[in-house]
Amino acid sequence: MFDSFTNFFSGIIPLEAYMVVSLIMFFSGVYGFLSRKSLLMILISIELILNSIDINFAVFNRYLYPENMEGFFFALFTIAISACETAVAIAIVINIYRNLGNVEVDSLNELKEDAPEN
Amino acid sequence: MAQQIIFYILAVIISVFSIMAVSSGRLIRSATYLLFVLLATAGLYLLLGYTYLFAVQTAVYAGGIMVLFIFAILLTQKPGDRITPESIRQRGLAIVLSVVGALFSGVIIFSNIKKVYTLVDQPEFDTKHIGLTLMGTGKFQYLLAFEVISILLLAGIVGAIMIARKRS
């Protein structure tokens, strides 16, 4: 019993430990995505999900293929893509706020605004 | 020893704050908890020896994306606004679904990882090597992906301006 406790604090950090951290982050993101109604909260949940995937890429690269750089670059490109995605999503959210006055999902029941008479 | 303790501290920070970020009642607090999660993730990269990834995570995520979030929250919420709480049924369903999913994935992780890996000491990638890999066209080099990302970012800029502009 005591041995396993000291093993807990010595030796290498196991691969599973990193994956459990990323698992908790991923599924709290899934919970937020399914349960919240504010568009910004949904966006925050998506960020959590993307970030947990980044951890997995980096950890697999470091532990299983330490001499290669594939996971490293995947994480790098994923960060760039998520930055791009967040910028566009926040532009959409601000546009929705301008048209509807709030950012709740429930009030979004039509996509196209009425065409202005011209 | 020190590494393990740092890892467990970071793991606790990430777990607690990511759950708090999705269950908080105020958007601005959620964004702050998300910032803590992102910074702790950067700490994990540092622990893995990827200092470049640490710098990118801190600059792009914790710097850029969080500023975007804070601005969007301040533009769309009045100060002190609380989100109207969701129905118990919706929340319960989401909790059940995510707990079941987490248990399923956890079982898969723990029954499939054979403990054959060893953490070999690896000198950290120097920035020159990273840059040459990013700009090379050979095998395991990423010039094409780099250019595609740059086009994606350009499209993102144009799209964001188009969507968010005021219509006259």
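Predicted model: local features only at pLDDT ≥ 70, side-chain atom pairs only at ≥ 80, totals over all residues.
View 1. Residues are numbered from 1 along each chain as its sequence is written, and chains are lettered from A and ligands numbered from 1 in the order in which they are written. Chain A holds four helices and zero strands, giving the order α-α-α-α from the N terminus on. Helices here are DSSP runs of H or I with at least four residues, strands are runs of E with at least two, and both are numbered from the N terminus. Among contacts in chain A between residues at least 6 apart in sequence, 48% join residues at least 24 apart; a contact means C-beta atoms, placed from the backbone, within 7 Å.

**View 2. Where chain A meets chain B.** Here 60 residues from chain A and 68 residues from chain B take part in the contact. On the side of chain A that touches chain B, the elements giving two or more residues are helix H2 (15-35), helix H3 (39-64) and helix H4 (70-100) of chain A. H4(A) provides the largest share, 20 residues. By residue type, this side of chain A divides into 44 nonpolar, eleven polar and five charged. Nonpolar covers Ala, Val, Leu, Ile, Met, Phe, Trp, Tyr, Cys and Pro, charged covers Asp, Glu, Lys and Arg, and the others, Gly among them, are polar. For the complex, the predictor gives an ipTM of 0.89 and a pTM of 0.88.

**View 3. The two domains of chain B.** An automatic or database domain assignment gives chain B domain 1 (2-120) and domain 2 (125-168). Taken over C-alpha atoms, the centres of these domains of chain B are 25 Å apart. Chain B averages a pLDDT of 88, and 97% of the residues score at least 70; pLDDT is the predictor's confidence in each residue, from 0 to 100. Among the elements of chain B, helix H2 (residues 27-48) has the highest mean pLDDT (93) and helix H5 (residues 127-135) the lowest (88).

**View 4. A closer look at Phe140(B).** Phe140(B) sits in the loop between H5 and helix H6 (143-164) of chain B. Although not a glycine, Phe140(B) has a positive phi of about 60°. Most residues other than glycine have a negative phi. Phe140(B) counts as exposed because it has 10 C-beta neighbours inside 10 Å, the cut-off for exposed being 12 or fewer.

Methods
Contact = placed C-beta atoms within 7 Å. Buried ≥ 20, exposed ≤ 12 C-beta atoms within 10 Å, placed from the backbone.
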